[in-house]
Amino acid sequence: MAARLVALACGLGILCAAAWAEETPLPVQEVAPGLFVYQAPYQLAAPVNGGAIGNVGFVVGGDAVAVIDTGGSAAAGRRLLAAVRAKTDKPIRWVINTHFHPDHVLGNVAFRADGTRFVGHANLKLALLSRATVYLEANRRLVGEADFAGTEIVPPDEAVAERREIDLGGRILVLEAHPTAHTNADLSVYDAATRSWWLADLLFVRHVPALDGSLAGWLKVMAEAAKRPVDRVVPGHGPASLSWPDAMAPQWRYLNRLRDDVRAMVADGRTIAEAAAKAGISERDAWALFEDFNARNATAAFKEMEWE
């Protein structure tokens, strides 16, 4: 009953952030001092998970908090807000969106309050607004009205074209806008205090990667990322943190296999439908949700590579 009242209040436009106490906090892990991560399940958005299917979390500095991604519904966002408040009462000054996919941005509304700024890649605002209707309609059906009520598209207030630093009070976060890879709006977050790099959906672990940008671009970004000396990384899907660059090996293998299979099929005059059915299929047993994403990945790769 309480959850339904919260959803109704947010749906009527009452500030969702005031309702966080009604929600069960997302279970977060402190993977490094002051760096908390919710490890999402390997699932598609559904009522059973309320849209909380991507890794999200927050960083606590000396003066303020930065939230990194917010989940796939208003309810998921409120649960993340409850998790923040269970750890600290410091003000949330920043919400950082790493890209535009629904499972990472549709919880933004729970954090909309005076003094909180939303920031993302320079391409994020246009990408979000152009997909707003589709994202809201599709995810309302997937998640269900109880958790989705009050969900809105909240675009960024500020854009990162290349690199930007945010000071949380003696704790610097470095935001980096990447060339087109997983999407055309990928942003990573480096926490200098703990040498932790939040790669979000630039890195998938055990959940099959989802290609919505450029296969060639993603491989190039990964090759450069592998050179970075960091202590740990946080993927967008997978364990809360992993060592680097070891964590990249399975994704590197999958994307290269997809590239090689599609390239050979293009050279042989195969059709896009054949690529969707067969490219990357040798990787099937290595990944969760393979059947849900691989055909789309192969289709996107074929469209990109048939003009090489």
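Trainee: Where does D186 sit in this predicted model?

Mentor: D186 is in the loop between β9 (172-177) and β10.

Trainee: What makes D186 count as buried?

Mentor: Its relative accessible area is 2%. Buried means under 20%, so D186 is buried.

Trainee: Which residues does D186 touch, leaving out those up to four places away in sequence?

Mentor: Among them are T98, H99, H121, E176 and H178. The list also includes A177, A181 and L202.

Trainee: How do you know that the side chains of D186 and T183 make a polar contact?

Mentor: The contact between the two side chains is 2.9 Å. A polar contact takes a pair of N or O atoms within 3.5 Å, one able to donate a hydrogen and the other to accept it, so this pair gets the name. The side chain of D186 also has a polar atom 3.0 Å from the backbone nitrogen of H182.

Trainee: Let's go to H99. Why is H99 called buried?

Mentor: H99 has 1% relative accessibility. The limit for buried is under 20%, so H99 counts as buried. As for its place, H99 lies in the loop between β5 (92-96) and α3 (102-105).

Trainee: Which side chains does the side chain of H99 make polar contacts with?

Mentor: One is T98, at 3.0 Å. Another is D201, at 3.1 Å.

Trainee: Why is G269 called exposed?

Mentor: G269 comes out at 58% relative accessibility. Exposed means over 50%, so G269 counts as exposed. You'll find G269 in the loop between α7 and α8 (272-278). Its C-alpha is 9.7 Å from that of E306, which is 37 residues apart from it in sequence.

Trainee: Which residues of helix α6 are buried, and what do they pack against?

Mentor: In α6 (residues 215-225), the buried ones include L215, W218, L219 and M222. The buried residues of the helix pack against β11 (196-204), α7 (249-267) and α9 (290-305). At the start of α6, a side-chain oxygen of S214 comes within 2.9 Å of the backbone nitrogen of G217.

Trainee: Zooming out, how many helices and strands are there, and why is the protein called as compact as a globular protein of that length?

Mentor: There are 9 helices and 12 strands. The radius of gyration is 19 Å, and the globule rule gives 19 Å for 308 residues, so the protein is as compact as a globular protein of that length. Buried residues make up 56% of the 308.

Conventions. Residues are numbered from 1 along each chain as its sequence is written. This is a predicted model: local features need pLDDT of at least 70, side-chain atom pairs count only at pLDDT 80 or more; totals for chains, interfaces and linings use all residues. Side-chain values use heavy atoms; hydrogens and water are left out. Helices (H or I, at least four residues) and strands (E, at least two) are DSSP runs, numbered from the N terminus. The radius of gyration is taken over C-alpha atoms; the globule rule is 2.2 Å times the number of residues to the power 0.38. Buried means under 20% relative accessible area, exposed over 50%, partly exposed in between (1.4 Å probe, protein chains only). Contact means heavy atoms within 4.5 Å.
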